[in-house]
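These are my notebook entries on one structure, written down as I looked things up.

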Amino acid sequence: VLSEAQRLNKPVFVDVHASWCSPCRRMAQEAFPNPAVGAVLNDRFINYQIDAESGEGFTVAKQYGVSSYPTTLYLTPTGELVHRSVGYGGVK
């Protein structure tokens, strides 16, 4: 992800979720398929979704201090944390 972000010189949007998290599922069903949300995210970011409780998700969650779900991380192309948002408040 970071290689692609550096190649395109775009920041990274990371959705850190857990399979059991109902707000995470709502966000995945309501926000990400929404054309307006997709237009903004796809135009401005390299987008990545990761389950914090499996595979490399453990490492990513630990590295960025994720302790609640969903957590959205906004990273520079080199992986530096710029902003963190916790929870899901709807599409708007």
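Predicted model: local features only at pLDDT ≥ 70, side-chain atom pairs only at ≥ 80, totals over all residues.

Entry 1, the second largest pocket. I looked up its lining and found Val-1, Leu-2, Val-12, Val-14, Tyr-48, Glu-56, Val-60, Gln-63, Tyr-64 and Leu-75. I noted that on a 1 Å grid over the protein atoms alone a pocket is an open set of points with protein on both sides within 12 Å along at least five of seven lines, whereas a cavity is a set where a 1.4 Å probe fits but cannot get out, and that a lining residue has an atom within 4 Å of a point. The volume of this second largest pocket is about 190 Å³, where a volume is the space filled by probe spheres set on grid points that are joined across faces, edges and corners. Strand 1 and helix 4 (57-63) each supply at least two residues of its lining; helices (H or I, at least four residues) and strands (E, at least two) are DSSP runs, numbered from the N terminus. I sorted the lining residues into eight nonpolar, one polar and one charged, counting Ala, Val, Leu, Ile, Met, Phe, Trp, Tyr, Cys and Pro as nonpolar, Asp, Glu, Lys and Arg as charged, and the others, Gly among them, as polar.

Residues are numbered from 1 along each chain as its sequence is written, and side-chain values use heavy atoms, with hydrogens and water left out.

I noted about 290 Å³ of space in the largest pocket. Of its 17 lining residues, Met-27, Ala-31, Tyr-74, Tyr-88 and Gly-90 are the closest to its centre. Helix 2, helix 3, strand 3 (71-75) and strand 4 (81-86) each supply at least two residues of this lining, and helix 3 gives the most, with three residues. The lining of the largest pocket divides into eleven nonpolar, five polar and one charged.

Which residues of helix 3 are buried? I found Val-37, Gly-38 and Leu-41 in this helix, which spans residues 35-44; buried means under 20% relative accessible area, exposed over 50%, and partly exposed in between (1.4 Å probe, protein chains only). The buried residues pack against strand 1 (12-17), helix 2 (22-31) and strand 2 (46-51), where contact means heavy atoms within 4.5 Å. At the N-terminal end, Asn-34 caps helix 3, with a side-chain oxygen 2.8 Å from the backbone nitrogen of Ala-36.

Leaving out residues up to four places away in sequence, Val-37 touches Ala-31 and Val-91.

Thr-71 lies in strand 3 and is buried, with a relative accessible area of 1%. The backbone oxygen of Ser-68 lies 2.4 Å from a polar atom of the Thr-71 side chain. Beyond four places in sequence, the residues that Thr-71 touches include Val-14, Arg-84 and Val-86. Pro-70 is in the loop between helix 4 and strand 3, and the peptide bond from Tyr-69 to Pro-70 is cis, with omega near -10°.

Is Asn-9 buried or exposed? At 63% relative accessibility, Asn-9 counts as exposed, and its phi is near 55°, a positive value in a residue other than glycine. Ser-19, in the loop between strand 1 and helix 2, is exposed at 53%. Leaving aside neighbours within four places in sequence, Ser-19 is in contact with Arg-25 and Asp-51.

Terms used: Polar contact = N/O pair within 3.5 Å; in protein donor to acceptor, adjacent residues only side chain to side chain.
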